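Please open the model in a viewer and keep the selection panel at hand.

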Amino acid sequence: MSLKPPIPEEIKKLTVTDIVTMGALAGSLRDQLEKYIEIDPYTMPDPFSDKDDCNYSVIIDREGPNRIVAMIAIKKDPLPQLAWNKILGERLVKLQLPKQDAAALKYEMMPKDTNNFYPYRRSGRIAGYIMFAFQVCGQH
């Protein structure tokens, strides 16, 4: 079965149970990620500017592909990629998507205009930005 990123209409159909599951999975993901990166304690403006140099991905729940666990904007940088297979395990999967699609999904999950993403660092440098499902406080 080929997984595809959800579309905004699928996000509108999430139940409270889905959102709770997403939040729990996001907490586990954050714990796993912190073994490989440093996540800043404060959020920054969303990375969807015309000048950003990022590749966008969503991390979804394989058991419920409409459940977005996290959204990541990874800087186009020569740093080696993270060991995503180790980090994600069997249940989660990372799917790349165009910036416009990522922005539409972010807006559906987090209607607040900005400051939804935590910067994360590798070797002391910001390597990307991440938004977790446990930050979801409502739907658009």
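**The enclosed space**

The structure holds 1 cavity of 30 Å³ or more. The coordinates belong to a predicted model. The volume of the largest cavity is about 90 Å³. To display its lining, select Ile-74, Lys-75, Asp-77, Leu-79, Pro-80, Gln-81, Leu-82, Trp-84, Tyr-120, Arg-122 and Ala-127. Strands β3 and β5 are the elements that give two or more residues to this lining. Coloured by class, the lining residues divide into 7 nonpolar, 1 polar and 3 charged.

**The sheet**

An open sheet is formed by 6 strands, in the order β1-β5-β6-β3-β2-β4, with antiparallel pairing. Which strands stand at the edges? They are β1 (38-39) and β4 (92-97); each has a single partner strand, so one side of each is left without a neighbour in the sheet.

Now select residues 54-61, which make up strand β2. Strand β2 runs antiparallel to β4, and 6 bridges join the two. At this pairing, Asp-61 is found opposite Leu-92 of β4.

**The helices on the sheet**

Then select residues 99-109 to bring up helix α4. Helix α4 lies across β2, β3, β4 and β6, and runs at about 120° to β3.

Centre the view on Ser-57, a residue of strand β2. Is Ser-57 buried or exposed? Its relative accessible area is 2%, and it is therefore buried. Leaving aside neighbours within four places in sequence, Ser-57 is in contact with Ala-70, Met-71, Ile-72, Lys-94, Leu-95, Gln-96 and Leu-97. Selecting these residues together with Ser-57 displays that set of contacts.

Finally, move to Gln-100, which is located in helix α4. With a relative accessible area of 60%, Gln-100 is exposed. Draw a distance from the C-alpha atom of Gln-100 to that of Tyr-56: the separation is 9.4 Å, although the two residues are 44 residues apart along the chain.

Terms used: Residues numbered from 1 in each chain as written. Predicted model: local features only at pLDDT ≥ 70, side-chain atom pairs only at ≥ 80, totals over all residues. Heavy atoms only, no water. Pairing = 2+ DSSP bridges. Helix = DSSP H or I, 4+ residues; strand = E, 2+ residues; numbered from the N terminus. Contact = heavy atoms within 4.5 Å. Axes fitted to C-alpha atoms, helices over the stretch in contact; angles between N-to-C directions. Buried < 20%, exposed > 50% of the residue type's maximum accessible area, 1.4 Å probe, protein only. 1 Å grid on protein atoms, 1.4 Å probe; cavity = no way out; pocket = protein on both sides within 12 Å on 5 of 7 lines; lining within 4 Å. Points joined across faces, edges and corners; volume = space filled by probe spheres on them. Nonpolar A, V, L, I, M, F, W, Y, C, P; charged D, E, K, R; others polar.
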